[in-house]
Amino acid sequence: MGETLKIIVLVKHVPDTQFDRHLSGPANSIDRSESILSELDEYALEAALQLSEARGGAKAGNQVIALSMGPAAAANAVKKSLQIGASEGVHLTDASLAGSDAAATSLALAAAIRHIGAEGQVDLVLTGMASTDGETSLVPAQLAERLGLPQVTFASSLEINGSTLTASRDTDSHSTTVEATLPAVVSVTDQINDPRYPNFKGIIAAKRKTVTTLSLADIGLDSAQVGQSGSWTTVVTAEPRPPRTAGTIITDDGDAGVKLVDFLAARKLL
Amino acid sequence: MEKVLVFIDSPADSLKKTSQELLTLAQSMGQPVAAVAGDLSPAVRSELGSYGVGSIVVAADARLADFVVAPKAAFLASAATASGATVVLVENSPEGKEIAARTGIRLNAGVITDVVSVDADGTAHKSVLAGSYTTAARVSTAMTVLTVKANTVTVRAVGGGEPETVTVDVPADSFTSAARITSRTGKTASGRPELTDARVVVAGGRGVDGDFEPIELLADALGGAVGASRAATDAGWISHDAQVGQTGKTVSPELYISAGISGAIQQKAGMQTAKIIIAVNKDADSPVFEIADFGIVGDLHTVLPQAAAEIRKRQG
Ligand SMILES: Cc1cc2nc3c(=O)[nH]c(=O)nc-3n(C[C@H](O)[C@H](O)[C@H](O)COP(=O)(O)OP(=O)(O)OC[C@H]3O[C@@H](n4cnc5c(N)ncnc54)[C@H](O)[C@@H]3O)c2cc1C
Ligand SMILES: Nc1ncnc2c1ncn2[C@@H]1O[C@H](COP(=O)(O)O)[C@@H](O)[C@H]1O
């Protein structure tokens, strides 16, 4: 491995969490009409850009490739990543991918990563800590298992020296430092950095960057291996939870603390 | 009867409550079997027997805890195959979900996370999209891997004999391609209940303005845990472990008291399935009041200490 890095950042196009989100249809799938680049993936992109810039950026031969799997509109997540600073984009799209669960998604992403790696080894795959729609955090771990690469998940700091990666990873009971040899799959938390916004220069520069569109056939998979047929889980029913309604609201005039305790007593919560 | 394998990670001298819950669930689904990573003490062995476990699978390798999850998952998959289990149950912690994720790939098994209950036919129930939907999901594979949330099962031991022990090898490839843990520092325990298990959570946000004492006073009066918004953890007023929300913990306590928190969508994502929500905020237009069962427009620095004192007074 040389001084430069070839990094793939996984970016997902997800329904905007600022709006109400809905499940519908025979597969209880999510309505993707108001979608954006998953905000948690911006931390992964920022981490990639910082690693690249510390080594001289794209000019010095570092690559930050934004890869998104999703319907036509997911190209917007790729485009946004290019505006923020990724050097190139890859959009994996195919009608048969719709309805993929984590197992099928990780299968397809692993095949796409191998496809990209055929033109020069990938040093690092960076992901967000969770997708804001699936919320499972299964994909990074399943991807590492499928690619046979070290898994460094929930990294709150990340450093690379030569081919050694060092990261911190916190659990409730412990703070740990972990080390792995590249190539590796790393997911980062929202504690790792402050993602940048695209600026005017970035938006202009993005127009000149390449986006490669890949189909299932390009990555050597069959339609039965992905989508609903390739998924190992199915959602059989989905019920909206009744929305919470506002209860009693009072303004403190000196005894609200006592009223709070009265409320707890009335609800038998003391 | 179907064999249901429960993963138990590095038990100390007794089983954690979450492990006891998984074992109780396993009894209701079939014949419980345990896969224990790390040392197995005689006390834990007997305790497993008391949950009806007839057979315990252990690893022929003492290094499982030195790596990031891959060897644990490889062990669990081997244990499932060796024991003939068709269902694997794992706790719903971040690490538990990752172990389940990789075990699923090794076993070609569907994985369902965040499970709150399981029907007799294997259908698993969970909530999704930040608590706005409840779904029922099934796996279509021969084997099933479920991660089950804490506090969803009432622990019940049935009594039983001493289990037998079966040792399995851990596939070598799971070590060679794993990240190594090079240092581990324990965090000091607060003495309060675990945030994700607590019956009561009192959470503070930017409105505490650097001083969590009013939050802690009320939490302690109620025997609850302390939570926080990201604004409070980002400011360094309290550890990130206390963060509730999309990028923190998801809690579903009986009672959530939100103080000095505006109620942003990412905060609601972690707490809106609480049974009762009380909000204290000095701004009457704060969105948190839209989801509060009881709201107080006021200053948390006076309301919370007054409530804590009143609770102490009534408790005598
Ligand atoms: C990717 C991403 C992930 C995120 N994840 C999370 C997450 O997991 N959890 C989370 O909480 N947030 C998360 N956020 C941040 C979230 O969007 C909000 O910024 C955050 O929740 C605001 O915290 P707050 O309510 O404490 O602060 P503010 O929004 O500033 O609200 C402070 C409130 O305190 C009130 N107040 C002030 N003084 C007093 C007083 N003396 N007495 C009573 N009330 C007072 C004010 O009226 C105000 O309503 C995330 C954001 C992003 C972009
Ligand atoms: N369809 C997808 N396209 C690109 N990246 C994805 C996709 N699905 C998941 N990921 C990546 O995997 C991470 C975790 O997702 P999840 O396991 O769904 O919670 C996300 O933050 C993304 O980085």
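1. Basis of the model. The model is predicted, so local features need pLDDT of at least 70 and side-chain atom pairs count only at pLDDT 80 or more, while totals for chains, interfaces and linings use all residues. Residues are numbered from 1 along each chain as its sequence is written, chains are lettered from A and ligands numbered from 1 in the order in which they are written, and side-chain values use heavy atoms, with hydrogens and water left out.

2. Extent of the interface. Chain B brings 86 residues into contact with 78 residues of chain A, contact meaning heavy atoms within 4.5 Å. The area buried between the two chains is about 7000 Å², with 54% given by carbon and sulfur atoms; buried area is the accessible area (1.4 Å probe) that two parts lose on being put together, summed over both. On the side of chain B, Ile105(B), Leu129(B) and Tyr133(B) lose the most area to chain A, together 10% of what that side buries.

3. The rule finds 10 salt bridges between chain B and chain A, a salt bridge being a side-chain nitrogen of Lys or Arg within 4 Å of a carboxyl oxygen of Asp or Glu. Glu98(B) and Arg169(A) form a salt bridge through their side chains, at 3.3 Å from N to O. Helix 4 of chain B (residues 94-107) gives the most to the side that touches chain A, with nine residues; helices (H or I, at least four residues) and strands (E, at least two) are DSSP runs, numbered from the N terminus.

4. A second salt bridge. The side chains of Arg244(A) and Asp293(B) also meet in a salt bridge, with 3.1 Å from N to O. This pair crosses between chains, from the loop between strand 14 (233-240) and strand 15 of chain A to the loop between strand 15 (276-281) and strand 16 of chain B.

5. An open sheet of 10 strands with mixed pairing runs in the order 13(A)-7(A)-6(A)-1(A)-8(A)-12(A)-9(A)-10(A)-11(A)-11(B). Its edge strands are strand 13 (211-214) of chain A and strand 11 (180-186) of chain B, each of which pairs on one side only. Strand 9 (residues 151-161) and strand 10 (residues 164-170) of chain A pair in the antiparallel sense over six bridges, and Ile160(A) has Leu165(A) as its bridge partner in strand 10.

6. Local details. Thr213(A) lies in strand 13 of chain A and touches His91(A), Thr93(A) and Asp218(A), not counting residues up to four places away in sequence. A cis peptide bond, with omega about 0°, joins Leu182(A) and Pro183(A), and Pro183(A) lies in the loop between strand 11 (174-181) and strand 12 of chain A. In chain B, Ser10(B) has a phi near 40°, a positive value in a residue other than glycine, and is found in the loop between strand 1 (3-9) and helix 1 (17-29). Most residues other than glycine have a negative phi, and most peptide bonds are trans.

Notes. Two strands pair if DSSP finds at least two bridges between them.
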